[in-house]
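This briefing walks through a structure for a reader who is meeting it for the first time. Please keep the sequence and the model in view while going through the points below.

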Amino acid sequence: MRALQAGVRAADAGGANGAGMLSLAISYTNEGYDRACYLMLSRWLRARFPDFPVSQELSEALTSHATWDAHGRLTDAFLALARQQYEQGVVDADVQIALGVLFYNTTEYDRAKDCFESALSLRPQDYVLWNRLGSCLSNGSKPEEALGAYREALSLRPTYTRAIYNVGVACMNIGAPKEAVEHFLSALALQDKSGVNQTSDQLWHTLRRALVQLDRSDLAELAKPENHRPDLSLFREQGFDF
């Protein structure tokens with residue numbers, strides 16, 4: 001997050017057209033900072049499309065109104081821009097991604113899915129976008145389709161730990177806890193190899209849930225941060241393949 005914020009400051013100083021702002025907005029929404037996300041999307045809209053009219057009502061809503069009002073007005077602005085582009089025969093992947101994030105934030109997963117798929121038609125090699133589509137499908141109660149999207153992401157970037165984690169969650173949702181455990185362990189092993197000497201608490205927490213679902217509460221008890229993060233080879237000895 002700090003690296004992205006520094007990137008936006010550098011982009012502002014260098015006069016770039018919103019470089020880094022869209023990624024930062026997505027990071028904000030991942031952390032649950034909706035208002036910060038909407039403010040950043042508004043900044044990106046102005047920087048990337050300086051000739052596109054942004055209403056005073058939207059500006060006021062972003063700073064002083066309820067979050068739902070800001071979201072509605074911002075969504076309307078992006079929809080108007082997308083329609084304008086469509087009339088000109090243009091489909092902008094970044095505009096579709098921004099709309100997808102806005103729909104995702106209000107659990108309109110089918111509409112978000114359409115936006116992310118539209119963006120992917122232009123950027124089929126974007127593994128982060130495949131992962132976001134997978135999250136959208138998973139939250140929309142389509143875990144089998146989500147697995148397909150996550151696997152597309154991993155075919156492009158096999159070490160993408162967020163997608164590996166998300167495959168594990170999808171496996172839990174379809175009643176495949178052993179496969180879920182193996183994916184969580186794979187993600188933890190990759191984090192271990194990164195040399196940072198720090199693994200994700202969220203990964204360990206979700207691993208414990210999967211182990212309980214697998215009826216291995218004995219191993220779930222070991223997979224706790226307060227137990228100083230057990231050696232992952234212990235799980236291999238228990239028959240898990242990762």
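## Briefing

V169 touches F184 and T206, where contact means heavy atoms within 4.5 Å and residues up to four places away in sequence are not counted. The model is predicted, so local features are given only where pLDDT is at least 70 and side-chain atom pairs only at pLDDT 80 or more, while totals for chains, interfaces and linings use all residues. Residues are numbered from 1 along each chain as its sequence is written, and side-chain values use heavy atoms, with hydrogens and water left out.

**Around V169**

- V169 belongs to helix α10, residues 161–173; helices here are DSSP runs of H or I with at least four residues, numbered from the N terminus.
- With a relative accessible area of 23%, V169 is partly exposed, a class that lies between buried (under 20% relative accessible area) and exposed (over 50%), as found with a 1.4 Å probe on protein chains only.
- V169 and T206 are 37 residues apart along the chain, and their C-alpha atoms are separated by 8.0 Å.

**The nonpolar core**

- The largest nonpolar core has 78 residues, and those with the most contacts inside it are L41, F78, L207, L211 and F235; such a core is a set of buried Ala, Val, Leu, Ile, Met, Phe, Trp, Tyr and Cys residues joined through side-chain atoms within 4.5 Å.
- Helix α6, which spans residues 93–105, gives the most to this core, with nine residues.
- In soluble globular proteins, nonpolar side chains tend to be buried together.
- Leaving aside residues up to four places away in sequence, F235 touches L185, W204, L207, L211, L219, A223, P230, F240 and F242.

**Helix α4**

- In helix α4, residues 56–64, the buried residues are L58, A61 and L62.
- Seen down the axis of α4, these buried residues fall within an arc of 100°, so they line one face of the helix; the arc is that of the directions from the helix axis to the C-beta atoms.
- An α-helix has 3.6 residues a turn, so residues three or four places apart point the same way.
- The buried residues of α4 pack against α3 (34–48) and α5 (67–87), whereas Q56, T63 and S64 are exposed on the other side of α4.

**Aromatic pairs and charges over rings**

- The whole structure contains six aromatic pairs, a pair being rings of Phe, Tyr and Trp (its six-membered ring) with centres within 6.5 Å, where planes under 30 degrees apart count as stacked, over 60 as edge-to-face and the rest as tilted.
- The ring centres of Y28 and Y33 are 6.4 Å apart and their planes stand at 65°, so this pair is edge-to-face; Y28 is buried at a relative accessible area of 13%, while Y33 is partly exposed at 48%.
- W44 and F49 also form an edge-to-face pair, with 5.9 Å centre to centre and 85° between the planes.
- W44 is buried at 3% relative accessibility and F49 is buried at 16%, and together with F78 these two residues form one aromatic cluster.
- R132 lies over the face of Y104 at 5.8 Å from the ring centre, and R236 lies over the face of F242 at 4.0 Å; a charge sits over a ring if NZ of Lys or CZ of Arg is within 6 Å of the ring centre and within 35 degrees of the ring normal.

**Buried charged-type side chains**

- R208 has its place in helix α12 and is buried, with a relative accessible area of 18%.
- A polar atom of the R208 side chain lies 2.8 Å from the backbone oxygen of A223.
- K113, in helix α7 (residues 109–122), is buried at 16% relative accessibility and touches L133, C136, L137, K142 and E145, not counting residues up to four places away in sequence.

**Positive phi outside glycine**

- S141, which is not a glycine, has a positive phi near 60°; S141 lies in the loop between α8 (127–139) and α9 (143–156) and is exposed at 63% relative accessibility.
- D215, likewise not a glycine, has a positive phi of about 65°; D215 lies in the loop between α12 (201–213) and α13 (217–222) and is exposed, with a relative accessible area of 66%.

Definitions and conventions. Helix = DSSP H or I, 4+ residues; strand = E, 2+ residues; numbered from the N terminus. Polar contact = N/O pair within 3.5 Å; in protein donor to acceptor, adjacent residues only side chain to side chain.
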